[in-house]
Amino acid sequence: MSDLDVQLPSAFDPFAEANAEDSSAGAGSKDYVHVRVQQRNGRKSLTTVQGLKKEYSYNKILKDLKKEFCCNGTVVQDSELGQVIQLQGDQRKNVATFLVQAGLAKKESIKIHGF
């Protein structure tokens, strides 16, 4: 029994890619804006935006996003990640195009995570 090497399947970690990039951050690393989707219950989902510059007013960005996409949202303060914008629904592509058009982030610096 002890001679067998059994590997149990582990749960899928949607943040594993971002954590691997954070640990390998070196001299030439970029600051990325991460746009993720999280499944809530049933068909409900939540879009999170993290990594925007700290000098931006997150509440004003949130207000414009909510008005543009007709959804609700909030700004959450996280101990590790800083401020994170949360929006209702799967708004990944919409948020990415909005950030580029508003000049808040470059297209190359936006990472879209999810299915």
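In this predicted model, the side chain of Q91 reaches the backbone oxygen of Q88 at 3.5 Å. Q91 is placed in the loop between β4 (82-88) and α3. With a relative accessibility of 11%, Q91 counts as buried, because the cut-off for burial is under 20%. Beyond its neighbours within four places in sequence, Q91 is in contact with T47, F69 and C71.

One of these partners, F69, also takes part in ring packing. The structure holds one aromatic pair. F69 and F98 form this pair, and its geometry is edge-to-face. The ring centres lie 6.1 Å apart, with 75 degrees between the planes. The pair links distant parts of the chain. F69 belongs to helix α2 (residues 58-69), F98 to helix α3 (residues 92-102), and 29 residues separate them. Both partners are buried: F69 has 17% relative accessibility, and F98 has 14%.

V95 also touches F69. V95 is among the residues with the most contacts inside the largest nonpolar core. L52, L65, I85 and L99 are the others named in that group. This core has 19 residues. Two or more residues come from each of β1 (33-39), α2, β4 and α3. Helix α2 gives the largest share, five residues. In soluble globular proteins, nonpolar side chains tend to be buried together.

Most residues other than glycine have a negative phi. C70 has a positive phi of about 55 degrees, although it is not a glycine. C70 lies in the loop between α2 and β3 (73-78). This cysteine is exposed, with a relative accessible area of 72%. F69, by contrast, counts as buried at 17%.

A further ring contact involves a charge. The charged end of K111 sits over the ring of Y32. The distance from the ring centre is 4.8 Å.

Terms used. Residues numbered from 1 in each chain as written. Predicted model: local features only at pLDDT ≥ 70, side-chain atom pairs only at ≥ 80, totals over all residues. Heavy atoms only, no water. Phe/Tyr/Trp six-rings, centres within 6.5 Å; stacked < 30°, edge-to-face > 60°. Helix = DSSP H or I, 4+ residues; strand = E, 2+ residues; numbered from the N terminus. Buried < 20%, exposed > 50% of the residue type's maximum accessible area, 1.4 Å probe, protein only. Lys NZ or Arg CZ within 6 Å of the ring centre and 35° of its normal. Polar contact = N/O pair within 3.5 Å; in protein donor to acceptor, adjacent residues only side chain to side chain. Contact = heavy atoms within 4.5 Å. Core = buried A, V, L, I, M, F, W, Y, C linked by side-chain atoms within 4.5 Å.
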